[in-house]
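Me: Could you walk me through reading helix packing and a nonpolar core?

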Amino acid sequence: PPVNERRPEESFQPQPPSKGHHSAPHQVFQPPPPDSSHHHVFQPAPPVAQPAAQPAAQPYAPPASERKPDKPWNDPNWGTKSESYEPSEYQSMVTVFTEILIRCQNAASKPLEKRKAEDVRKRLDVMKEHLASASIPLVVLTGLNEIANAASSRDYTSALGLHTRLVSSGNFSQISGYMTGLKTLFQLAQQLRV
């Protein structure tokens with residue numbers, strides 16, 4: 001017979017309920033004994049040869065200019081010069097801000113716009129001086145790089161959002177000499193559509 005079929009004499013037959021509470025013991029169902037002709041014994045698969053162990057991959061280490069600082073932005077000692085960096089690593093960031101300023105100066109036609117552009121130039125000079133003396137905290141440089149990345153694609157809304165986050169997370173008095181100029185630069189660039 002097929003595997004799922006049972007012979008009639010082996011199937012469970014329920015007993016009618018007895019009239020007395022405990023007059024006769026209940027019969028317990030006993031499964032039929034296994035029929036070896038219809039059952040297969042499980043055989044585990046032979047072990048598979050494991051490939052030779054590969055040496056552990058070295059984790060990616062970003063260049064020094066892209067490493068995140070160990071100190072959070074709200075650390076009270078974040079303005080100290082304990083971190084060192086090579087100012088030339090950040091020249092591309094300065095170039096982005098300078099190019100935006102030049103576009104603003106060329107597009108400015110009103111006296112107020114020209115005055116704002118001149119103020120931004122002075123504040124960028126302050127940033128360049130701080131950068132040359134390696135006195136900008138590394139955490140601020142990381143934030144400035146993020147701002148420069150957004151500004152380089154003319155996403156001034158994101159640049160302003162990153163600027164606000166950076167300014168509100170640290171000691172503003174130490175960075176106000178140039179951070180105010182960056183905010184004005186992005187607002188002016190938005191206004192002039194450059």
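**Helix packing and the core**

Reply: Let's start with Ala-151, which sits in helix H3 (helices are DSSP runs of H or I, at least four residues, and are numbered from the N terminus). This is a predicted model, where local features need pLDDT of at least 70 and side-chain atom pairs count only at pLDDT 80 or more, while totals for chains, interfaces and linings use all residues. Residues are numbered from 1 along each chain as its sequence is written, and side-chain values use heavy atoms, with hydrogens and water left out.

Me: Is Ala-151 buried or exposed?

Reply: Buried means under 20% relative accessible area, exposed over 50%, partly exposed in between (1.4 Å probe, protein chains only). Ala-151 has 0% relative accessibility, so it counts as buried.

Me: Which residues is Ala-151 in contact with, leaving aside neighbours within four places in sequence?

Reply: Contact means heavy atoms within 4.5 Å. With those neighbours left aside, Ala-151 touches Val-96, Ile-100, Tyr-156, Ala-159 and Phe-186.

Me: What about the largest nonpolar core?

Reply: A nonpolar core is a set of buried Ala, Val, Leu, Ile, Met, Phe, Trp, Tyr and Cys residues joined through side-chain atoms within 4.5 Å. The largest one here has 40 residues, and Phe-97, Leu-144 and Phe-186 have the most contacts inside it. Two or more residues each come from helix H1 (91-107), H2, helix H3 (138-152), helix H4 (156-168) and H5.

Me: Where does Ala-151 lie relative to Phe-97?

Reply: They are 54 residues apart along the chain, and their C-alpha atoms are separated by 7.8 Å.
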